[in-house]
Each structure stands twice: as structure tokens, then as C-alpha cells.
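The following paragraphs lead the reader through selected parts of one structure. The sequence and the coordinates should be kept in view throughout.

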Amino acid sequence: MKHTLYILSAIISVATVYATDIRITTDDIDLLLTTSPNGRLYQTYLGKKLLTVENLPWQQSTGSDNSGGEKGWEVYPSRGTDNLFDDALVIEHNDGNLSTRLYYQSHTQRDSETIITLKDDAYPVEVKLHYVTYPHENIITCWSEIIHHEKKPIYLSTYASNMLYLKDNHYYLTQFNSDWAKEAQMSTQELLPGKKTISSKLGTRVTMYEEPFFEVGIGTPPSEDEGTVLMGTIGWTGNFQESFEIDNAGVLRITTSINPCNSRYTLQSNTPFVTPQCIFTLSFEGVGQGSRNFHNWSRRYAVKEGMGSRLTLLNNWESTGFDFDQQRLTEVIHEAKDLDVDMFLLDDGWFGNKYPRNNDGAGLGDWDVNRSKLPDGLQGLVQTATTDGLRFGLWVEPEMVNPKSELYTKHPDWVLQQPNRTPYYYRHQLVLDLPNPAVQEYVYNTIATILTTNPQIRYLKWDCNSPITNNYSPYLGKRQGNLYVDYVRGLYTIWDRINTQFPDVYIMLCAGGGGRCDYKALSSCTEFWPSDNTDPLDRLYIQWGFSQFMPSKVMCAHITSWNSSASLKFRTDVAMMGKLGYDLNYGSLSPTDKQFCQQAVQNWKVWQPIVLDGQQYRLVSPYTSNHMAVNYVSSDSTQALLFAYDLFPRFRENIQSVKFKGLIPTASYRVTEENLMPNTSSQLPFHGKTFSGDYLMKVGLDVCTDNRMHSTVLYLRRD
Ligand code: GLA
């Protein structure tokens, strides 16, 4: 025993002498790393910020092997030596050796960025780990950079962005399953020993079945206002994998990564491979605070024009589909003017002459205006919109091609297509070979020509309706393992060029609804289309799900005729929790409904800063009740908006009052009901009255009812 103690204290003193401690810190969080005596890098702590970081052990065993091996929480563990659980890095070296072992070399910490350099002791391979902290938002982004100097290429078969460790008795994972018209559906399960992954292999319309977000409740399931929760995502518009492995000692390791499936990447010498960013926060007050961390960070640092305003719009897709001509669209443009929105958005169906785009079976790839539908070209429509004081937006899907197109006839070698197999068409289309620079050039020029010829076009709806179904790139030849990664990089090259050349053009990210939703894409695009499903009941769940990670500012929400049994008011109140737009046959509305819409647009002009730039508080969950309520508080705390919905209440259900959050307890707020139908007045007993923030947050107001599909909007102004 004495002997053991002696060895232990010797180890600790060696560690104390030689350890390099690295503290990555925000206002509330500490992530601590340290080197072991033989120079490997370990995580020692991830949790609430410490007062001091002295005396942290350099090693926390995750194994039962006492032979002196360092089975700690290695920050970037690699395959082939002593790592017995998930890897961050797996390399096949030039000589066929499958092992890598990384040692700490050096690190720098400047402002909010930490860069740590690791090196293999036997092969010329180097990994730089990057961490950037956003102290006030309590967000940490991290990624890695792999480079080698071997004579010939090496092969990467696993290349994670990062790995994080947590230690507790219970962990609960909330994930966000999706499908077309059913995006971001939340479910929670306890993680048990072994491994769970959430991932996508779809290539392009990549988040169609799973959104790239995770919430890990530590000790207890993630809940809105209480408990510790790690919330993370990956900034990558391609295949991703987030894995959660509990080892034999009950330690959870979370690995965020490009999905290595079918992606054994050939890496040339001296060429850095930069992984996408893992973005995470740790909240000690439930997912509500974690969401606000993400919203505040993303608006300020991540999203294109995150601090700028957004354009309201009228889209023609739901009212016309492909069936329109110049006269019909001219009417729609005048309707947009009558509605007083900022922009008219022309959807699919405007292009193709030899193969006109009259349905989804032809024309993709031929981006010339259809002259028989629109004899005065795009310019004619743009001119009409400009005369009406409107901006103009345009639908494009430039990464795709229908085999029935002039582009495909001219360049059959520009599509992803298996050489020896019959192609599998998804929505009658094929995906272009974006790793090919000639194809990137073509896509960029297509968009640049449209925007240069029509400088009034201020907005693109960038769609992507097919996953990669034929994963062979004629351009890449024998390097097919690079396809999924180089595709995404090709897309980023195009977006970067567009943003550099046309910085004022906003892009809506769309992929048959919310099939593309990640923070890297949103650094090029100002917003995304969460779902083709605009039935307000379904939308409430979809918006609730996305709101966990995405601010209202990036979530387009349009009022349509889906579920016309829901009142126009109900549909409008739901859309007002996102970036408001219209996509309905406005001309066919009754005068009262038109008047209501016009008033709603005016209200929105005043409320936009509260919903899009304020703090969001989720109050009543549709997952656990028959109602839903959310309030937003303006950044200066002088105004707030409450949106409350009755979904499927039971007859004579016991209805609870709704308690606000985020108000100033000592301040007084005057409460008025807004967004009422013309010629009606509020029946609420508290309409026009003043309450303290304390009262509103502790006692609350009776805004919920037992009426189905009923909604209430309250506006609060501080006295
Ligand atoms: C996708 C989009 C829709 C619409 C159609 C047009 O499905 O999600 O909003 O633009 O394409 O084909």
C-alpha cells in the first residue's frame, strides 16, 4: 500500500512538473486539457467554470487495465495503438500501416482562439486542434486540421472534428428526426453502454431524415429550464456523424465528424485537410438557455447578415405551381404590392425552352427564361416588381439536372452517375459532379449571369431536391472516396464566389423543405426553409424543434392554404414566430381577410426586431400539452410578444395560466391583444391592463382556451 502510494505521488509530481495545462474558457464553461508525462493530450474537465484550475488530475482512467497505459480521455485519439473505443482519427499510411499515435508539440492561445499542434512520433503526420470561444454566448467551436509529409498520398478513413468526454451515471439524448414535411421531430432516449449514432449519408439533401443537432442531458433528460445539457451540432452541408459511446467505465465520449461512410479520403502530401466545425454549448439551466446561447452566437457571428433585417415576401409556388404565364405573375406581383410585403419571389417553372419546365420531369439545368410563358423575360417581371416598389427573388436549383435538358444532352459527363449501372432518379433528376471545377464554373456562371443581367434580383431560393443517389464522380476517377467531401467543398467555392461578387443578394436555403440545415451553409445563406409543410399545426412542432438550435431570424415561415380549416389568423400567428412570408392566392381572399393580412404585415414591421433579434423563451411545449406558447423579449427589454396556441384541447380540460419568462420583475408592462380580425375587439379581461414583470412571470395570464386551433398574440410594452 505504502509502495502504491509512493508510485502514485511520483506520477502526480512528474505530471505536475511536466504537464502543459490548456484552459479553454467562456463566461460559464471550462474545458480543460493537459498533457500526460509521456506527452499525450487529455481532457481533464468539461463543466461549470472553476474558480481556479489548480490540482486537476492529468489522467482519469476509462479502462480497467492497470498496466500503466494511459487510458485517459484522449482529446484526439487515433487507431492502432492503445485506444480501445471510438477514434477521432484513422489513417492508412503510405506503407500500409494503419496506426497513428499523436503527441503534444506546442500550442498558442491568442484572444479567443487556441491552436494545439500534435505530431505522430513515427510518421510525418501533424494535427492541429482549433478551439474558438465566444465568452458571452458560451459557445465553443472546434475543428481539426490534418496534414502529412509522406511521399505518396495517405488515406483518411476517420477524421473527426473533435471529441468530448462526460462522466455521470445517466445520459439522455434528444435528437431531431426528419422526413419530407415532417422535419425536426424531437425524441429523447437514455443512452446505455455501447454506441448510438445520429448521421446522414444522403450527400446533398442531407438532413432530410435527420437534422444534425443533439442535446445530451447529463444526469437527467434535457428539460427546458433546469439541468445540465450539452447541445451541439456540426457546420457541414454534407454527410455527418455524431456518435455517443459509453465505455466500460461509464464515460460518454461524443464524436462529431464528417460521416466516414464511403469516404476514405485520399490526402496528398502537404495539403491540409480541414474538418468542419463542431459547435457546442453547455447550459446549466436547461435547453432554453442553450438555445438562446445558439441564437445569440449565430446572429452575431455565424449567419450571413445575422444582425441585418429580413425581407417579407409573397411567393407564387402554392398558388400557381408550374402553371403560370406573364399575366398571372403580373397579377401576383400587384397582389404583393397590395399586401405591402418587401418582395415577390418567383418559384420553380420559369425556365427551359427546348425542354420547358412545366413539371418536375424536365428542364433543370437550362436556366434560360421560358419565352412562351414569359415573353418579356425575367426583365419584364423584374421591371413590374420594381415599378410596384418591390424587390425580386428567384427560385433556382443549380446543382441538379433533368436528363430531359439541353445541359444533360451537351454534358452527360457532368453528372454523378455510375459507369456500369442504370441510374436511380430521385424526382426525375441527377446531381451534377460538383468536385469538377468545370462544373463549379458552370454553376457559378449560371447564377452570375442571372444576377448581372437582372441586378434588381435581391434574393435566391436555392433548392436541392435530390440526395446523391448515384455516387460516382467521373471527374474523381479512382479517388471516389473523396466524392462526398469534395462535393461540399465545391458547393462552398460556388457560394463564396457568389457572396463575394454579389454581397447584397440574400439566399434562402431549401432542400425540398428542411433537407439542408446547418451553420456552415448559413454563413453563406441568410435563412432556410424549414418545411414544405405549412399546415400551422405541424409547423408548430417543426418550428419548436428547429428553434432549439436556430433563431427565428433564419426560419422562413409562410402563410399558405395548407389546412384551410385553420383560420387565417391561426395560420398567421404561427408564421409570425419565424421570418414572415406569404404563399397563398391572395387575390381570392375576402376583403376582410385581405385587410387582416395587410394589418398583419404592418404589425410585423414593428414586431420584427422583437421576434427576430430578441430573446426567445419557450413556455408551453406542444410535446407535453395540448397547447403551445412562446414569448420573445426585445433586446432592450422594453417590449415583448407572447404567442399562445390551443392545438387539440380536451373538453373542459384543466387549463393552466401561461407564465412569461425573461421579463424584468420590477418593471411594469401594459398588455394588449393584437393581430385581431378586422372589426373585432379583444375579449380578454386583461387586455389594456398593466402588470409587473414579477406577476406575469409568477402568476401568468389565462391565454389558453379549450377551443381547437385557436391562437392569441399579446404585445407587452414597458411603461
Ligand atoms: C421544393 C421546395 C418547394 C418548391 C418546389 C419547386 O420542393 O421545397 O418549396 O420550391 O421545390 O419545385
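A residue is called buried here when its relative accessible area is under 20%, exposed when that area is over 50%, and partly exposed in between. The model under discussion is a predicted one.

With that cut-off, strand 32, residues 639-646, can be considered. Eight of its eight residues are buried, so strand 32 is largely enclosed by the rest of the structure. In a regular strand, side chains alternate between the two faces of the sheet. Both faces of strand 32 are covered: one side carries the buried residues Gln639, Leu641, Phe643 and Tyr645, and the other carries Ala640, Leu642, Ala644 and Asp646, which are likewise buried.

The pairing partners of strand 32 may be taken next. Strand 31, residues 627-633, pairs with strand 32 in the antiparallel sense over seven bridges, and in this pairing His627 stands opposite Asp646. The hairpin formed by strand 31 and strand 32 has five residues between the strands; within this hairpin, Ser637 adopts a positive phi near 60 degrees. Strand 32 is also joined by eight bridges to strand 35, residues 710-718, and the two run antiparallel. In that pairing Tyr645 is the residue that stands opposite Ser711 of strand 35.

Burial is also found in helical elements. In helix 9, residues 536-546, ten of the eleven residues are buried, so this helix is largely enclosed by the rest of the structure. Among the buried residues of helix 9 are Leu537, Arg539, Tyr541, Gln543 and Trp544. The N-terminal end of helix 9 is capped by Asp535, which places a side-chain oxygen 2.9 Å from the backbone nitrogen of Leu537. Helix 10, residues 568-575, is mostly covered, with eight of its eight residues buried. The buried residues of helix 10 include the charged-type side chains of Lys569, Arg571 and Asp573, as well as Leu568, Phe570 and Val574.

Attention now turns to the ligand. There are 13 residues around the ligand, and Asp347, Asp348, Lys461, Asp463 and Asp532 come nearest. The shell divides into four nonpolar, three polar and six charged residues. A polar side-chain atom of Asp532 lies 2.5 Å from an oxygen atom of the ligand. For Asp463, an N or O atom of the side chain is 2.9 Å from a ligand oxygen, and for Arg427 the corresponding distance is 2.9 Å. The ligand taken alone exposes 310 Å², of which the protein buries 96%.

Strand 1 and strand 2, residues 29-35, run antiparallel and are joined by five bridges, with Asp21 placed opposite Thr34 of strand 2.

Is Ser523 buried or partly exposed? Its relative accessible area is 32%, and Ser523 is therefore partly exposed. Ser523 and Trp414 are 109 residues apart along the chain, and their C-alpha atoms are separated by 27 Å.

Definitions and conventions
Residues are numbered from 1 along each chain as its sequence is written. This is a predicted model: local features need pLDDT of at least 70, side-chain atom pairs count only at pLDDT 80 or more; totals for chains, interfaces and linings use all residues. Side-chain values use heavy atoms; hydrogens and water are left out. Buried means under 20% relative accessible area, exposed over 50%, partly exposed in between (1.4 Å probe, protein chains only). Helices (H or I, at least four residues) and strands (E, at least two) are DSSP runs, numbered from the N terminus. Two strands pair if DSSP finds at least two bridges between them. A residue is near a molecule or strand if one of its heavy atoms lies within 4 Å of it. A polar contact is a pair of N or O atoms within 3.5 Å; within protein, one must be able to donate a hydrogen and the other to accept it, and residues adjacent in sequence count only if both atoms are side-chain atoms. Accessible areas come from the Shrake-Rupley method with a 1.4 Å probe; for residues, only the protein chains shown count as cover.
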